Amino acid sequence: MVLRSPQDALYALVSDWPVNGGVHQQRAIDFCRAWLAGRMPAETVRQAFILAALEAGVPLHDDEDGAEAAVVSPPV
């Protein structure tokens, strides 16, 4: 999954996240919603998402365009 905006991150955090209930997951969700309301800079949301990914063991990779690529549903 390639995440190009906090809106993409919010979708991943709410719909596809492998571990629910993490402190960093909830904070990242709150930050994404704040970004949608125009109250949070995208870079702050990105940092919160990275912490949530670390908390859940979700590997991240930057693509050449600077977007985060999160492996939310690794192959079995």
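Buried here means under 20% relative accessible area, with exposed over 50% and partly exposed in between (1.4 Å probe, protein chains only). This is a predicted model, in which local features need pLDDT of at least 70 and side-chain atom pairs count only at pLDDT 80 or more, while totals for chains, interfaces and linings use all residues. Residues are numbered from 1 along each chain as its sequence is written, and side-chain values use heavy atoms, leaving out hydrogens and water.

**Overall layout**
- The protein chain has 3 helices and 3 strands, taken as DSSP runs numbered from the N terminus (helices H or I, at least four residues; strands E, at least two).
- Along the sequence, their order is β-α-α-α-β-β.
- Of the 76 residues in the protein chain, 34% are buried.

**Helix α3**
- Helix α3 covers residues 42-56, 15 residues in total, and spans 21 Å from first C-alpha to last, close to the 21 Å expected at 1.5 Å a residue (1.5 Å times one less than the number of residues).
- Its buried residues are V45, A48, F49, A52, A53 and A56.
- Those buried residues of α3 line one face of the helix, because they fall within an arc of 145° seen down its axis (the arc of directions from the helix axis to the C-beta atoms).
- Just after α3, G57 has a positive phi of about 75°.

**Helix α1**
- In helix α1 (residues 6-16), the buried residues are P6, A9, L10, A12 and L13.
- These fall within an arc of 165° down the α1 axis, so they too line one face.
- The buried residues of α1 pack against β1 (2-3), α2 (23-36) and α3, where contact means heavy atoms within 4.5 Å.
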